[in-house]
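Q: Could we go through this model together, beginning with the ligand surroundings and then turning to the charged pairs?

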Amino acid sequence: MEKGRLYIISAPSGAGKSTLCSMLINKYPAVRYSISYTTRAPRGNEQNGKEYFFINKAQFENMAANNDFLEWAEVHGNYYGTSKTQIEDALKQGIDIFLDIDPQGAMQLKEKLNGKATFIFIAAPSLQELKSRLEKRGTDKAENIALRLENAKKEVEYFNKYDYLIINDASDDAFKKLETVYLAEKLRTNQYNSASEFMNI
Ligand code: ADP
Ligand code: 5GP
């Protein structure tokens, strides 16, 4: 069976990464989202176990102390972390797993995974457009939008630590670009240790 591959996606909040990744998940059955743990309160119609596992600060700190996270970080004033077992199980089952994480978490994984994952940064064409998308989405209060825009300026400075940059503008190109990167990266030779893993010899 083909092994699953790990894709790390970062983008300032509102750049459209959930929209793009959902399109990919709908098209390719082998693609799934990693469901992170967070101390942030659910937003809108979010459900526990669907968008996130919603836990309190003490539970989060307990998991961190138990080394249950592949990475974790404080983002916009809340904790977010990726479950180690969830990722390991998915990859074993041949699932391609997409991690929607902030640049602090992505940088932790860059060191840990050393070429075994693909790092993609998604940006909006301007801060003004980012603001307008967050306002139109209508899930964040004004002060939260201001904080997310402030953080966006810092996050985008990490762009060149990633393998790929996709600008999500008004065209349909961004999805095509994400799909192209996904398919090409599945063909990386470094996912195999020997020819016997892909050929009957
Ligand atoms: P993120 O997951 O990066 O926070 P979302 O996918 O939730 O962002 O997108 C933020 C908002 O912008 C949503 O309301 C979404 O419908 C809208 N959006 C996404 N992509 C585009 C685009 N290319 N052009 C205009 N609006 C977009
Ligand atoms: P949101 O609150 O909008 O769902 O997410 C806020 C930010 O947290 C986004 O930048 C998202 O990528 C990041 N994030 C979500 N889950 C994780 C995680 O498990 N680890 C890290 N480091 N960041 C995460």
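Q: Which residues come nearest to ligand 2?

A: A residue is near a molecule if one of its heavy atoms lies within 4 Å of it. Here 17 residues are around ligand 2, and Ser36, Arg40, Tyr52, Tyr80 and Asp100 come nearest. Bear in mind that this is a predicted model, in which local features need pLDDT of at least 70 and side-chain atom pairs count only at pLDDT 80 or more, whereas totals for chains, interfaces and linings use all residues. Residues are numbered from 1 along each chain as its sequence is written, chains are lettered from A and ligands numbered from 1 in the order in which they are written, and side-chain values use heavy atoms, with hydrogens and water left out.

Q: What polar side-chain atoms lie by the oxygen and nitrogen atoms of ligand 2?

A: A polar contact is a pair of N or O atoms within 3.5 Å (within protein, one must be able to donate a hydrogen and the other to accept it, and residues adjacent in sequence count only if both atoms are side-chain atoms). Ser36 places a polar side-chain atom 2.7 Å from an oxygen atom of ligand 2, Arg40 has one 2.6 Å from an oxygen atom of the ligand, and Asp102 has one 2.8 Å from a nitrogen atom of ligand 2. Of the 510 Å² that ligand 2 exposes when taken alone, the protein buries 96%, the areas coming from the Shrake-Rupley method with a 1.4 Å probe.

Q: Which elements give two or more residues to the shell around ligand 2?

A: Helices (H or I, at least four residues) and strands (E, at least two) are DSSP runs, numbered from the N terminus. For ligand 2, the elements are strand E5 (69–75) and strand E6 (78–83).

Q: How many residues surround ligand 1, and which are the closest?

A: Ligand 1 is surrounded by 13 residues, of which Gly14, Lys17, Ser18, Thr19 and Asp169 are the closest. A polar backbone atom of Lys17 is 2.9 Å from an oxygen atom of ligand 1, while a polar side-chain atom of Arg133 lies 3.3 Å from a nitrogen atom of ligand 1. In the side chain of Arg137, an N or O atom is 2.9 Å from an oxygen atom of ligand 1. On its own, ligand 1 has 570 Å² of accessible area, and the protein covers 73% of that. H1 and H5 each supply at least two residues of the shell around ligand 1.

Q: How many salt bridges are there?

A: Side chains of opposite charge can pair when their charged atoms come close. With a salt bridge taken as a side-chain nitrogen of Lys or Arg within 4 Å of a carboxyl oxygen of Asp or Glu, the count comes to 14. One of them joins Lys27 and Glu179 at 2.7 Å, N to O, and this pair links distant parts of the chain, with Lys27 in helix H1 (residues 17–27) and Glu179 in helix H7 (residues 173–185), 152 residues apart.

Q: Are Lys27 and Glu179 buried or partly exposed?

A: Buried means under 20% relative accessible area, exposed over 50%, and partly exposed in between (1.4 Å probe, protein chains only). Lys27 counts as partly exposed at 48% relative accessibility, whereas Glu179, at 12%, is buried.

Q: Where do Glu129 and Arg133 lie?

A: Both are in helix H5 (residues 127–137), four residues apart, about one turn of the helix, and their side chains meet in a salt bridge of 2.7 Å, N to O.
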